[in-house]
Amino acid sequence: MYKIESKNVDFFYGASQALKNINLAIKPNTVTALIGPSGCGKSTYLRLFNRMNDLIDNTKIGGQVLIDGDDIYAKGVNVDSLRKEVGMVFQKPNPFPKTIFENVAYGLRVNGITDKKFIEERVEETIKQVVLWDEVKDKLKKSAFELSGGQQQRLCIARALAIQPSIVLMDEPTSALDPISTSKVEELIYELKAKYTIVIVTHNMQQAGRVSDTTAFFYMGELVEYDNTKTIFTNPKVERTQNYITGRFG
Amino acid sequence: MKMPDENKLAKQKKRNQSIAFWIFRLLSYLIVAILFAILSFIVFKGIGVINWNFITQMPEEGMTKGGIFPAIVGTLCLVAGSMLFAFPVGVLAAIYMNEYVKDGIIKKIIKQMTNNLAGIPSIVFGLFGMSLFVNKLHFGDSILAGSLTLGLLALPVVIRTTEEALKAVDNTFRHASLGLGASKWQTTRSVVLPIAFPNIITGLILSIGRVSGETAPILFTVAAYFLPKLPTSIFDQAMALPYHLYVLSTSGTNIAESRPVAYGTALVLIIIVLIANLLANGLRKYFGKKVKMN
């Protein structure tokens, strides 16, 4: 059984078509990298999985996106519960202007959890999960803005994990980070795979090679090639993929 | 081809730059100078009559002597009343417009109307307030009618500054919150508003400044020519500083004799606006810090 499936997915911003007939299936507990040049539709595609594109006026989707076999664009789907199930980490670290503790607790609170002890335990557990605990345990009541960029991004990952999603979407999560923070986040992604299904958009080929199991190459709104990362990087079937990966265009 | 003399070009560049900077500098100093001139003129003319009695006593002897206490109280009541109306209405309207309405014809119409509202002369607000609040709704000449009229006048300022404040909140904060399964209202209330709040306060500052100095809107809706007692309810008439100033300078019992009182009144009015600004600025800083801490 696939965790995420998209069948004949089209997507439009107004009249311009951003995604053309995308068919792709993602297995649970894997890391899938979406790669391709800017404007190829990979971020748009990622944002379909938690219906983030709904926030943009004047858009239209065709085809089906299934998560655990259910069409998430069907009538009567509760978008809030979908987003609880599908966490997201953004390009720039964007902690809320709240304390470190409250950042992680936020998702629990907005989903109606009030049990103080549960929240405290869950916050600690999640911050430990992203290997940030030792760095912040003495300043949980301090503003999240006092953390470094890399720490902020790990906090944002913790924030997404706190509500126990089964899928985590990452939109270029390390593009604003220095190399050391980047490698910390990459290690983390690798470890999180055991518990979550991860889809990551990245411009960094090495990163895609390092962290992902499967890779999808997008170009001009089309899915050019989708295969094991190893195959894509060593023996791609399409020449365009080869050219992109080796840096001959893009 | 030979390049022109480099030194000469560099000198020219430098000269042009310093001319431009000097013009900018002079113009900005000019602004400070104008403000300083007005303030010192008022202070110089008005400081003589200012004392404890002046701000705590009733006017006496045809407003040529005594204090301006009822006008101060009246203005404070009007500022508070109009903000009580304009602030929640304006902020909520701006939230609706910025966070809820999709781009399209409805949003455009509301926006255009808000801008038009801002362009209406204040005397027209006064007439409208008189016919609606005073006559139609039978509030009579009252603090209630005056506050509502002034509130209407302040509304576009509050709406616009609140909208700007909301727009300045980076969308990734909204997305992060919605992405955690928060509703739009939860997102607005616990993420967007706290971030925007310091800037929303700016709208409050601006409108307080505007409202406390307006004369035309209160002319037919609340202002009393001479009323040497304090209002006891929102249905009472009241004196107000700007109108008092107007009366003293145009139609008092003895214009020449009440001149110092007029300057004193102007000074008090300016000081009140200044205090309001300082207070609001303090609030803004306080909330700005708190936002980061919360």
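**Reading strands and sheets**

Reply: Start with a hairpin. S1(A) and S2(A) form one, with 2 residues between them. In the turn, Gly14(A) has a positive phi of about 60 degrees. Keep in mind that this is a predicted model.

Me: In which sense do strand S1 and strand S2 of chain A run, and how many bridges join them?

Reply: They run antiparallel, and 7 bridges join S1 (residues 4-13) to S2 (residues 16-26). Pick one pair to look at: Ser6(A) has Leu24(A) in S2(A) as its bridge partner.

Me: Which strand do 8 bridges join to S1(A)?

Reply: That is strand S4 (residues 59-67) of chain A, and the two run antiparallel. Find Phe11(A); its bridge partner in S4(A) is Ile61(A).

Me: Now the open sheet. What is the order of its strands?

Reply: Two strands pair if at least two bridges are found between them, so the order follows the pairing. In chain A, 6 strands give S6-S7-S8-S3-S9-S10, with mixed pairing.

Me: Which are the edge strands?

Reply: Look for strands that pair on one side only: here S6 (86-89) and S10 (222-228) of chain A. From one strand to the next, the twist averages 15 degrees.

Me: How does S6(A) pair with strand S7 of chain A?

Reply: In the parallel sense, over 4 bridges; S7 covers residues 167-171. For example, Gly87(A) has Val168(A) in S7(A) as its bridge partner.

Me: Which helix packs on the sheet there, touching S6 and S7 of chain A?

Reply: Helix H6 (residues 149-161) of chain A. The direction of H6 makes about 170 degrees with that of S6(A).

Key: Residues numbered from 1 in each chain as written. Chains lettered and ligands numbered in written order. Predicted model: local features only at pLDDT ≥ 70, side-chain atom pairs only at ≥ 80, totals over all residues. Axes fitted to C-alpha atoms, helices over the stretch in contact; angles between N-to-C directions. Contact = placed C-beta atoms within 7 Å.
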